[in-house]
Amino acid sequence: MNGITMCIIDDVRTVIDGILKKIPWSEHGIEIAGTAMNGKDGLQLIKDKHPDIVMTDIRMPMQSGIDMVRELKENGEQGPQVIFFSGYSDFTYAQESVRLGAFDYLVKPFTTEQVVDVVLRAKAKIEAQRLEQLDRLALERKVRESLPYLRQEYFRLLIRHDELPERAYEKWDFLGIDMGTCGFVAMAVQIDGLMNERSPLPVREVELIRFAIQNILEETIKKQGKGIVFREHLGQFVVLLNPEREVDVLAIAEACRHHVNLYAKRDISIGVGGWVEGIGEIALSYEQAKTALSYQFYSGSGCIISYRDIERQDHITPHYSADKETELLYCLRSGNREGTDRLLASIAEECLRYPAPPDPDVMTNLFYGLAFSMYRVIAEKADTKQRIWLDDRLSAMKKGRYLSTEELIRDVRELGLTGSEWVQKRQKNDVGQLIHQAVNYVSGRLGSDLTVQECASVVHLSPSYFSNLFKKEIGMTFMQYVTTARMERAKELLLEGMQVQDITFELGYRDRPYFSELFKKHTGQTPTEFRSKYESTESKGESE
């Protein structure tokens with residue numbers, strides 16, 4: 001910070017010399033810039049030296065101190081801190097000095113201490129003002145440096161809220177916005193696939209892509225006319241154009257799409273809003289641009305969609321056959337994966353058959369409702385771990401902003417096929433347990449008159465359904481299995497030495513010839529031949 005300079009003006013030389021010589025001003029950080037002995041010379045001295053403090057007598061020849069300071073102010077000179085002094089204690093002079101903004105007023109004769117005190121107080125005020133000025137300059141510099149950010153934040157508010165034109169003009173001037181204040185078109189620009197890639201890109205890579213695309217958009221817009229580009233979400237930009245009415249805005253959008261693909265090797269999709277006249281309507285154009293961009297849901301990546309085309313479409317409410325949904329839920333309950341897949345494909349085809357696509361949000365809600373119906377069926381038979389997966393998937397579908405019908409249908413299909421596989425596996429396990437229970441029941445009652453009806457009632461199934469499940473699981477009919485189990489038990493009893501007649505009754509047969517015939521049919525040997533073969537084999541083994 002520069003030192004403080006001071007000029008002394010008085011028509012009495014001894015007063016000037018006394019102030020100069022009796023006070024060591026350098027020790028107080030004050031440099032004497034010059035002296036004068038009349039108002040005219042004093043005025044010129046002030047103009048030449050631009051001192052920080054002026055000590056001046058009021059009554060002087062040629063021009064008074066009051067007139068001198070008044071002329072400085074009238075000429076727009078940056079005023080110093082003025083300390084008046086005079087031998088006259090006239091209240092009128094004091095009033096006039098205050099009106100002129102004097103720092104203080106000393107009455108002659110004054111002491112050295114009084115002079116030092118008033119000058120040091122003036123110095124303190126000057127230093128405080130300088131610090132304040134430095135702070136202000138630093139703040140202004142920071143504001144200038146942050147103008148790009150301030151412009152972005154201003155426009156992010158502008159596309160969401162109405163703005164009165166008279167308030168906007170001042171803001172546009174302060175922010176240095178090089179656009180007119182009427183005639184706008186908003187475009188919503190999306191970097192396709194930036195945040196949906198299976199292997200997420202590093203943050204640095206994402207930022208480089210965003211930076212490059214913003215630069216390309218800005219350069220393209222600059223060649224076409226006036227406009228501004230600013231970031232909205234992580235993978236989205238807003239382009240606000242200020243074009244002439246005859247300019248083809250869709251051609252500008254196509255130039256943006258082409259240049260980004262050519263130079264950044266990325267696809268972008270663009271929704272184009274309608275023309276609006278004033279600043280207060282910019283938010284409306286942006287809402288239209290967002291609506292248009294949402295129809296990328298049907299078009300896929302790299303598309304340009306105008307709100308005018310969407311606006312002309314009739315209101316369409318997508319739907320599908322209620323019978324198909326009923327059949328789909330039946331397939332899920334029975335674990336029919338193929339049927340589930342077929343019906344989901346049919347429902348999707350039915351919903352997408354419209355020549356003009358419905359509102360994407362309506363379509364998303366329709367499929368979410370179908371997914372919720374499927375969720376309820378699957379959750380009935382799901383275990384704890386499966387329920388957690390189901391809850392997470394359904395929650396993600398509810399919150400997700402799908403970029404395409406393919407993504408939406410893929411998630412609904414995954415939910416249905418996964419659920420049908422779980423049900424199918426669960427049913428298979430349940431069937432295995434039921435048949436195992438029936439087999440154990442048979443093993444403990446081989447000597448009784450076993451029937452399908454009896455075993456079916458044990459596992460709480462109808463006889464016909466039990467018979468079908470049994471054959472599917474075991475590979476033979478229930479009665480074939482009973483006979484096979486009895487014959488295997490007969491082998492064990494024969495080898496234990498039990499008589500054939502006793503075995504016949506033990507296994508529930510009342511006719512020995514019938515039992516022997518069944519045994520031979522099953523083993524290829526009569527009971528006696530089977531025992532003889534075993535005994536001869538055993539004897540031969542012992543003799544060896």
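Before I start, one term: two strands are said to pair if DSSP finds at least two bridges between them. Please also keep in mind that what you see is a predicted model.

Let me begin with strand 8, residues 236-241. Strand 6, residues 182-191, pairs with strand 8 in the antiparallel sense over 6 bridges, and within that pairing leucine 240 of strand 8 is the bridge partner of alanine 186. Strand 7, residues 227-231, also runs antiparallel to strand 8 and is joined to it by 5 bridges, and here leucine 240 is the bridge partner of isoleucine 228. Strand 7 and strand 8 form a hairpin, with 4 residues between them.

Is strand 8 enclosed or open? Of its 6 residues, 6 are buried, so strand 8 is largely enclosed by the rest of the structure. In a regular strand the side chains alternate between the two faces of the sheet. In strand 8 both faces are covered, with Gln236, Val238 and Leu240 buried on one side and Phe237, Val239 and Leu241 buried on the other.

From there I move to glutamine 152, which is found in helix 6, residues 147-158. Its relative accessible area is 18%, and because buried means under 20%, glutamine 152 counts as buried. If we leave aside its neighbours within four places in sequence, glutamine 152 is in contact with Phe230 and Arg231.

Asparagine 2, by contrast, is exposed, at 66% relative accessibility, and it sits in the segment before strand 1. Asparagine 2 and glycine 29 are 27 residues apart in sequence, and their C-alpha atoms are 9.9 Å apart in space.

Finally, the nonpolar cores. Which residues touch the most other members of the largest core? Among its 31 residues, they are Val442, Phe466, Phe478 and Phe515. The elements that give two or more residues to this core are helices 17, 18, 19, 20, 21 and 22, and helix 20 gives the most, with 8 residues. Not counting residues up to four places away in sequence, phenylalanine 466 touches Ile435, Ala438, Val452, Cys455, Ala456, Val459, Leu461 and Phe478. Apart from this core lies another, of 28 residues, including Leu343, Ala348, Ala371 and Met374.

Notes. Residues numbered from 1 in each chain as written. Predicted model: local features only at pLDDT ≥ 70, side-chain atom pairs only at ≥ 80, totals over all residues. Heavy atoms only, no water. Core = buried A, V, L, I, M, F, W, Y, C linked by side-chain atoms within 4.5 Å. Buried < 20%, exposed > 50% of the residue type's maximum accessible area, 1.4 Å probe, protein only. Contact = heavy atoms within 4.5 Å.
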